[in-house]
Amino acid sequence: QLTLVESGGGLVQPGGSLRLSCTASGFTLDKYAIGWFRQAPGKEREGVSCISRSGGSTKYADSVKGRFTISRDNAKNTVSLQMNSLKAEDTAIYYCAVDTRILCSSRWYERYEYDYWGQGTQVTVSS
């Protein structure tokens, strides 16, 4: 069975940091590009970041550029999203997703580009 599991979410104050992890079971993530998405209350799911199979290229939404960093450790079969300088607007459920491509698609921020999804982890930024 192929599964993705996100972890690391929680409650943080504005300006704080969180590190999210995405771990795969039943397959190896090192064969695929990986994306992070988020869905805030009352809003559509949006692309946050993407990383190529090798980790050599990355993509970021303008709203998180300079604050979030995506990385991967293929030896541990995980992809991480380091989130710094968090804002209330970052509050959402965060999902990781697998693209069968080795590079991030030109439409990496679109949900239909991805084949497998995790269940999500809640991130709440509030004072």
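Predicted model: local features only at pLDDT ≥ 70, side-chain atom pairs only at ≥ 80, totals over all residues.
Residues are numbered from 1 along each chain as its sequence is written, and side-chain values use heavy atoms, with hydrogens and water left out.

Show the sulfurs of C50 and C104: they sit 2.1 Å apart and form a disulfide (a pair of cysteine sulfur atoms within 2.5 Å). Its S-S torsion is about -100°, so this disulfide is left-handed. The pair ties together distant parts of the chain, with C50 in strand β5 (residues 46–51) and C104 in the loop between β9 and β10 (116–117), 54 residues apart. Strands here are DSSP runs of E, at least two residues long, and helices are runs of H or I of at least four, numbered from the N terminus.

Next, select C22 and C96. They are joined by a disulfide too, S to S 2.1 Å, and this link is right-handed, with 65° about the S-S bond. C22 lies in strand β3 (residues 18–25) and C96 in strand β9 (residues 92–99), 74 residues apart. Both cysteines, C22 and C96, are buried. A search of the whole structure turns up two disulfides, and with the bonded cysteines numbered in sequence order the pairing reads 1-3, 2-4.

Now switch to cartoon and pick out the open sheet of four strands, ordered β1-β3-β8-β7 with antiparallel pairing (two strands pair if DSSP finds at least two bridges between them). At its edges are β1 (3–7) and β7 (68–73), each pairing on one side only. From one strand to the next, the twist averages 15° (axes are lines fitted to C-alpha atoms, and angles run from 0 to 180 degrees between N-to-C directions). Zoom in on β7 and β8 (residues 78–83): six bridges join these antiparallel strands. Along the way, S71 stands opposite S80 in β8.

Finally, zoom out to the whole protein. It has zero helices and 11 strands. Its C-alpha atoms fill a box of roughly 40 × 25 × 25 Å along the principal axes, and 43% of the 127 residues count as buried.

Terms used. Buried < 20%, exposed > 50% of the residue type's maximum accessible area, 1.4 Å probe, protein only.
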